[in-house]
Amino acid sequence: MTSSSLALAAPARAALGSHPLTERYGPILTMVLALIAVWYVAAVAMNWHLVKDGFEREETPYTVSDILAGTMDAERPLLPAPHQIAENFFDSIFGYPPLAPRSLVYHSLVTLSATLLGFVLGAGFGVALALMIVHSRVLERSLLPWIICSQMVPILALAPIFIVVLGALGLQGLLPKAIISAYLCFFPIAIGMVKGFTSPDPLQIELMRTWSATPRQVLWKLRWPAAVPFLFASLKVAITISLIGAIVAELPTGAEAGIGARLLAGSYYGQTVQLWSALVASAVLSWGLISIIALVERGVNRSMGAR
Amino acid sequence: MVDAQNISLTFETADGKVDALSNVGLQVAEGEFVSFIGPSGCGKTTMLRVIADLQQPTSGTLLVNGMSAEAARLARSYGYVFQAPALFPWRTIEKNLKLPLEIMGFSEAEQQQRAAHYLSLVNLTGFERKFPWQLSGGMQQRVSIARALSFDPALLLMDEPFGALDEIVRDHLNEQLLQLWRTTGKTVVFVTHSIPEAVFLSTRIVVMSPRPGRIIDIIDSGFPPDRSLEIRETPEFLKIAQRVRTGLRAGHSYDE
């Protein structure tokens, strides 16, 4: 009797905890709330002396709660509080017309265009390299070390050289930034696609041989479709890297526009709140880009019979 | 259809030379169903791969369909069925069947018509739009047989096609394969390590032995073409099976 009533009561009690929405977003939400709480504590701790010194300099009497309030809306805090960043973020997005030089939308678009162009160039180059490596052992041996070396030089050191050299060739603005971005993002694609192109089962390759398929047919009907999962995995890595590349490329050029320019200006003038909201913008941007790729991936997977 | 004389094949391995095939000679006439049987390492699969030009013999002469093995492969003279179905997972069953036809440049209408015909031949009509993972292992292997037949090669080479399937499915597919062979009139070269399977299916059984891989007996088996699984209980069947078993035992070295 008791045991059966317990068994009946259990699902009702667990209903909220097992609701699909709670199950899916509960953990994420908890994590975010915890982070925000930690952030606020850190903001108070880090800005405390800054605010206290301010009061003492101005020789105004203050209480602990004055300092506490001060740490939450300092003009140039060491660590801005989350609501300050959010305020600045929404302000610089909705507070100006999208193409005004003070609008974060404008700066994001500038960086986005370099990112996308760099991504397309890098992806194309990466796939082309992978094709060459897969089809020729000589190329594999001669190219692979250089490809790996190319990624061992810090891009921050290379970027100014690129800008100067390309500038001397008459290339300015979007293209040099895109090239730096491509330089970074071709790598995961080349490596991933070499793996993808060599992923078919030996039996499948032998079958193609028994049908005396041409190398081109083996590529299009076997190697390429087999590489698709690897392609999407690499693309997701590459798109974030190309965003980073585009931002890094904006730093040494002293670019007037772009998320990189905003970061640079923010750090020059100690505008930490602006700095952080530019960071948020780049995070939102890369989240959006990855989501688009994930969406395309889901569509492609469905048409290729993924279970 | 297949004329092999003094075929030898030696592998170079880290432990020295391995004689995978030693002086193998065999003639397979058109319309025959010939099985290679023997323990692992006896070279039966290697012999099949040599016929298919997937491996090249060290010495000996080989004619497939009146030409060299390579020319026969380039002329698409044979269909090959592996132990695993090796279907392309991103293609539907119908598109898997069409794959060799696409490669060989058949017209769209011809591809459609052949895919439908060969799917029905292996009793899989209605599964056109399914993906391989939605089919059982036995069904997948039937698709791979249909795929090997789809471009109508004169010769069918089968490497333990039912080796990974359970006994009941295997019996069922043996009957289906026999019927397929009877209706299509193909020449089949079949590799197996199952004595009942070899005796039931074949017109001739080639018993092989390892180290070096060689033929130790060739047994004719003349059952009527429309035989059913019940003949496996008859004295004639058991007599041939016994002879195969004796051959296998004789070829087996004692150190195992």
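Helix 6 of chain B, residues 167-184, gives the most to the lining of the largest cavity, with four residues. The model is a predicted one. The volume of this largest cavity is about 40 Å³. The count comes to one cavity of 30 Å³ or more. Its lining is made up of Leu149(B), Leu156(B), Leu177(B), Leu180(B), Trp181(B), Thr184(B), Lys186(B) and Val188(B). By class, six residues of the lining are nonpolar, one is polar and one is charged.

Next, the sheet of chain B. Strands of a sheet pair through backbone hydrogen bonds, parallel or antiparallel. In chain B, six strands form an open sheet with mixed pairing, in the order 5-6-7-3-8-9. Strand 5 (78-81) and strand 9 (214-220) of chain B stand at the edges. Each has a single partner strand, so one side of each is left without a neighbour in the sheet. On average, neighbouring strands of this sheet are turned by 15° against each other, direction ignored. Take one pair within the order. Strand 3 (residues 33-37) and strand 8 (residues 204-209) of chain B run parallel, joined by four bridges. Here Ser35(B) stands opposite Ile205(B) of strand 8.

Now turn to chain A and a helix pair. Helix 8 (residues 174-197) of chain A packs against helix 10 (residues 215-250) of chain A at an angle of about 155°. Their axes are 7 Å apart. Angles over 145 degrees count as roughly antiparallel, so helix 8 of chain A is roughly antiparallel to helix 10 of chain A. The contact between these two helices has 19 nonpolar, six polar and four charged residues. The crossing of helix 8 with helix 10 in chain A is right-handed.

Conventions:
Residues numbered from 1 in each chain as written. Chains lettered and ligands numbered in written order. Predicted model: local features only at pLDDT ≥ 70, side-chain atom pairs only at ≥ 80, totals over all residues. Heavy atoms only, no water. Axes fitted to C-alpha atoms, helices over the stretch in contact; angles between N-to-C directions. Helix = DSSP H or I, 4+ residues; strand = E, 2+ residues; numbered from the N terminus. Parallel < 35°, antiparallel > 145°, perpendicular 65-115°, else oblique. Left-handed = near helix turned anticlockwise from the far one by under 90°. Nonpolar A, V, L, I, M, F, W, Y, C, P; charged D, E, K, R; others polar. 1 Å grid on protein atoms, 1.4 Å probe; cavity = no way out; pocket = protein on both sides within 12 Å on 5 of 7 lines; lining within 4 Å. Points joined across faces, edges and corners; volume = space filled by probe spheres on them. Pairing = 2+ DSSP bridges.
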